[in-house]
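Below is a short briefing on how the chains meet and how some of their elements pack.

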There are 2 protein chains.
Amino acid sequence: MKNIVVIGGGTGTYITLTGLKEYPVNLSAIVAMSDSGGSTGILRDELGALPPGDIRRALVALSQSPQIMRDLFNYRFQNGGLGGHSFGNLFLTALEKITGDFEKAVEEAGKVLSIRGQVIPVTKDSTHLHAILEDGTEISGETNIDIPKHNGHLRISKVKLKPKARATKAAIDAIKNADLIVLSPGDLFTSLIPNLLVSGISEAIKKSRARLVYACNLTTKHGETDGFDADDFVKNIEKYLGGRKIDYVVAHNDFPSKKLLAKYRKEKKEPVLVPKNKKNRAYKLIRTDIASAKQYFRHDSYKLARILIMLTEFENVLSFLETEKR
Amino acid sequence: MKNIVVIGGGTGTYITLTGLKEYPVNLSAIVAMSDSGGSTGILRDELGALPPGDIRRALVALSQSPQIMRDLFNYRFQNGGLGGHSFGNLFLTALEKITGDFEKAVEEAGKVLSIRGQVIPVTKDSTHLHAILEDGTEISGETNIDIPKHNGHLRISKVKLKPKARATKAAIDAIKNADLIVLSPGDLFTSLIPNLLVSGISEAIKKSRARLVYACNLTTKHGETDGFDADDFVKNIEKYLGGRKIDYVVAHNDFPSKKLLAKYRKEKKEPVLVPKNKKNRAYKLIRTDIASAKQYFRHDSYKLARILIMLTEFENVLSFLETEKR
């Protein structure tokens, strides 16, 4: 079986894993560990726990348990001192406290959820994300970057982790043995790039013989990627890849419906455009239908997984796919 | 296989179940649902949950999972808004919220813990325990009776549930099919008798062809059973049995060490004595070594289970046991 490594954090990673787990591949999810908002933020502050939120989402994505167990892990308490806490976060934190080892906690939670594949925290060092804006302002903490309290018109010029964090051995090993590395869609600076900031990750990707594919976001995000086109996403990722280039970019081939477009514009989100006719772009562009036809303009798990699986198996088939058609 | 039903609530029930689960019997634990203290009390008050604490303890007792899962269910968070909450309680409450059915929650938790046998809430009606003291004072709430805020020298003359509660069908069925019903050791008025107050339970016990055995407490409890001997325990239980008599009482045959005795006396606890030479007592007395030789003067799971199993299988063997030797 082919080894696929998905790198990311939030909902985009959840969607990517949900599709891929249906295929007979060895699947590893490497997940960011710099979240600091909501239930996760409280567990970090009050209990000194490592951030469980993104790990929980990846575990649920890979779970083969009955729906009730997946619902349980995603359940949020509504009232009182527990209000806002996700049950799955409490599960991981309690296991971390018992075992004294976050990786062991993730492994045990994976057994309870009967996951397919493995979920790997990118680091076990407690660290926080910082962003430096183009005017030099430094913003501390993932949640303050994610829900922009800063002037949304200032671009992020750089992100970094404080203190520095070292990659887990499991993350390095998974990258080393990968046939395909998927940089998953999602928040660019707060979910995807935080993985590349962990010392050892970009070095391992650089050394890896795996194809490196980026499943490009469908929309921009206010305060993070306003006005970005596909090349802007790629350029920013490659800044943190230490010289390694992205081999493939998977992009959607159409706009959302007018109704959805209007809805997204209210949140200051725009569809991500792919610049036309760039003959000398370094990556191969795969432009096809990867969007959900439902109430959101986001990736469809199964459409995306199908393309990613083809990249592991049938590179040549890709030339038959519709490209550059928008 | 013989059907054994254990009725109770707290630590005494935990100990009883821990021993019995090693034997090839169909084991059912019927557990009190009127706890109102600690983590359980907060979940009742803030989230409108049914009380999970005693159910959790019984589930862990019957669990065949690796130690880590049992540790997880018993784990208590230390700090912040989660401080004092038992993880297992949160597990049951979250499942209750998702399924909308506490019995279903207990069943699912039982699967996660790979339990042997079944754990049955005595009722699914939300109810509280009230005690009336010999001077007529009424104390509301299990936790206020359990940790006596009342004058410890006034005896409890009666306990009742408010509002009234109906037994679950599963509890009635288990009693109906039982070969042996064990009234487990533990807090008399706050763990054991609250089960008998649930409407349908004493009626089912009365109708049952099962042998009814009481594993008598080793010590009295201040504020609840001060000065009680074995016959006082039996008399108080039988007040709530609607005419059915206890068939067997299993009592310990020795005193604790002087050191332990001194320790227990500091907590105003005394060994439970068995009145001598009562030729016309209605129950058969089985007096043998059932105490743990460790740091506490309490039942030993395996010694107690051995006697209970013999009661299901080899009634005649019992005459060979040491009796009335103290």
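In this predicted model, 100% of the interface residues of chain B are also interface residues in chain A, so the copies meet through the same surface. Chain B is superposed on chain A by a rotation of 180 degrees with 0.0 Å of shift along its axis, at an RMSD of 0.0 Å. The two copies are thus related as by a two-fold rotation axis. Within chain B, Gly81(B) has the C-alpha nearest the axis, at 2.4 Å from it.

**Sheet in chain A**

- Three strands form an open sheet in the order S5-S4-S6 (chain A), and their pairing is antiparallel.
- Strand S5 (138-140) and strand S6 (156-162) of chain A are the edge strands, each pairing on one side only.
- Neighbouring strands are turned against each other by 25 degrees on average, direction ignored.
- Strand S4 (residues 128-133) of chain A and S6(A) run antiparallel and are joined by six bridges.
- In S6(A), Lys162(A) is the residue opposite His128(A).
- H9(A) packs on this sheet and touches S4 and S6 of chain A, its direction making about 55 degrees with that of S6(A).

**Helix pair in chain A**

- Helix H9 (residues 188-196) of chain A also packs with helix H11 (residues 230-238) of chain A, at an angle of about 35 degrees and with the axes 10 Å apart.
- The crossing of H9(A) and H11(A) is right-handed.
- H9(A) makes the contact through Leu188(A), Phe189(A), Leu192(A), Ile193(A) and Leu196(A), and H11(A) through Phe233(A), Asn236(A) and Ile237(A).
- By class, seven residues in the contact of H9(A) with H11(A) are nonpolar, one is polar and none is charged.

How values were computed. Residues numbered from 1 in each chain as written. Chains lettered and ligands numbered in written order. Predicted model: local features only at pLDDT ≥ 70, side-chain atom pairs only at ≥ 80, totals over all residues. Heavy atoms only, no water. Axes fitted to C-alpha atoms, helices over the stretch in contact; angles between N-to-C directions. Helix = DSSP H or I, 4+ residues; strand = E, 2+ residues; numbered from the N terminus. Left-handed = near helix turned anticlockwise from the far one by under 90°. Contact = heavy atoms within 4.5 Å. Nonpolar A, V, L, I, M, F, W, Y, C, P; charged D, E, K, R; others polar. Least-squares fit on C-alpha atoms with pLDDT ≥ 70 in both. Pairing = 2+ DSSP bridges.
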